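Please look over the model below before reading on. My notes are numbered so that each point can be checked separately.

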Amino acid sequence: IQDIATTGVGNEDLEAQKVPMLPERWKIPTHWGLEFLEDLSTLITDGAHQTPTYVESGIPFLKVENIKNEEIDWQSVARIPEDEHKELIKRGNPTEGDVLLSKNGTIGISKIVDYDREFSHFVSLALIRPKQDILLSDYLATVLESRICMDQARARSKTGTVTNLHLE
């Protein structure tokens with residue numbers, strides 16, 4: 001799958017191209033172009049920068065650990081009050097077709113928002129809304145986990161106590 005994400009299917013006519021932020025050149029199909037994610041998306045943001053108030057019953061609040069498995073265990077997700085949720089979604093209200101990407105601590109885990117439910121998320125998750133007419137969510141999620149994108153993410157990450165991939 002990783003090879004298909006970066007070379008396509010049956011493409012034998014490959015050329016080495018310079019990829020932004022990486023020292024080496026990558027072989028990609030000659031008829032493909034390299035684009036910046038911001039040009040293929042209508043929104044790239046992250047979640048709450050302050051820890052919200054946790055409550056027993058409320059709106060689900062996702063963190064990196066919630067997207068590590070194939071399915072989200074909605075029963076174990078932290079909950080926040082509805083008024084805090086309404087404030088948090090002003091940055092970007094997650095909707096079906098968006099892609100979540102872990103960007104703090106563990107970087108590079110992607111998850112397609114394929115559920116119709118309200119939730120908020122922590123700063124550790126980026127929210128990417130691809131332009132669906134030119135970039136499919138499934139493809140984006142796969143490419144984000146490919147070696148080429150992971151190398152780019154590592155090159156742009158700030159390391160210290162916790163690794164952070166900044167949105168710029």
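1. Basis. This is a predicted model, in which local features need pLDDT of at least 70 and side-chain atom pairs count only at pLDDT 80 or more, while totals for chains, interfaces and linings use all residues. Residues are numbered from 1 along each chain as its sequence is written, and side-chain values use heavy atoms, with hydrogens and water left out.

2. Overall form. The protein has four helices and 11 strands; helices (H or I, at least four residues) and strands (E, at least two) are DSSP runs, numbered from the N terminus. Its radius of gyration is 17 Å, close to the 15 Å that the globule rule gives for 168 residues, so the protein is as compact as a globular protein of that length. That radius is taken over C-alpha atoms, and the globule rule is 2.2 Å times the number of residues to the power 0.38. Along the principal axes, the C-alpha trace spans about 55 × 35 × 25 Å.

3. Surface and contacts. Of the 168 residues, 46% count as buried (buried means under 20% relative accessible area, exposed over 50%, partly exposed in between, with a 1.4 Å probe and protein chains only). The accessible surface comes to about 9,800 Å², and 48% of that belongs to carbon and sulfur atoms; these areas come from the Shrake-Rupley method with a 1.4 Å probe, and for residues only the protein chains shown count as cover. Among contacts (heavy atoms within 4.5 Å) between residues at least 6 apart in sequence, 64% join residues at least 24 apart.

4. Rolling a probe the size of a water molecule over the atoms shows where empty space is left. On a 1 Å grid over the protein atoms alone, a cavity is a set of points where a 1.4 Å probe fits but cannot get out, a pocket is an open set with protein on both sides within 12 Å along at least five of seven lines, and lining residues have an atom within 4 Å of a point. Grid points are joined across faces, edges and corners, and a volume is the space filled by probe spheres set on the points. The largest pocket has a volume of about 1,200 Å³. It is lined by 37 residues, and Glu35, Phe36, Leu37, Cys149 and Gln152 are the closest to its centre. Elements that give two or more residues to this lining include helix H1 (2–7), helix H3 (137–144) and helix H4 (147–156). H4 gives the most, with six residues. By class, this lining has 27 nonpolar, five polar and five charged residues (Ala, Val, Leu, Ile, Met, Phe, Trp, Tyr, Cys and Pro count as nonpolar, Asp, Glu, Lys and Arg as charged, and the others, Gly among them, as polar).

5. The second largest pocket. This one holds about 360 Å³ of space. Of its 16 lining residues, Glu70, Ser110, Lys111, Ile112 and Asp114 lie nearest its centre. E7 supplies the largest share of the lining, four residues. The lining divides into seven nonpolar, three polar and six charged residues.

6. The cavity. The structure holds one cavity of 30 Å³ or more. The largest cavity has about 40 Å³ of space, and its lining includes Asp46, Leu88, Arg91, Phe119 and His121.

7. Methionine 21. Most residues other than glycine have a negative phi. Methionine 21 has a phi near 75°, a positive value in a residue other than glycine. It sits in the loop between strand E1 (14–18) and strand E2 (25–29). Its relative accessibility is 41%, so methionine 21 counts as partly exposed.

8. Two buried loop residues. Aspartate 98 is in the loop between helix H2 (82–88) and E6, and at 1% relative accessibility it counts as buried. Leaving aside neighbours within four places in sequence, its contacts include Asn93, Lys111, Leu127 and Arg129. Serine 124 lies in the loop between strand E8 (120–121) and E9, and counts as buried at 7% relative accessibility.

9. Glycine 108. This residue is found in strand E7 and counts as buried, at 11% relative accessibility. Its C-alpha atom is separated by 8.9 Å from that of serine 146, 38 residues apart along the chain. Not counting residues up to four places away in sequence, glycine 108 touches Leu101, Ser102, Leu144, Glu145 and Met150.
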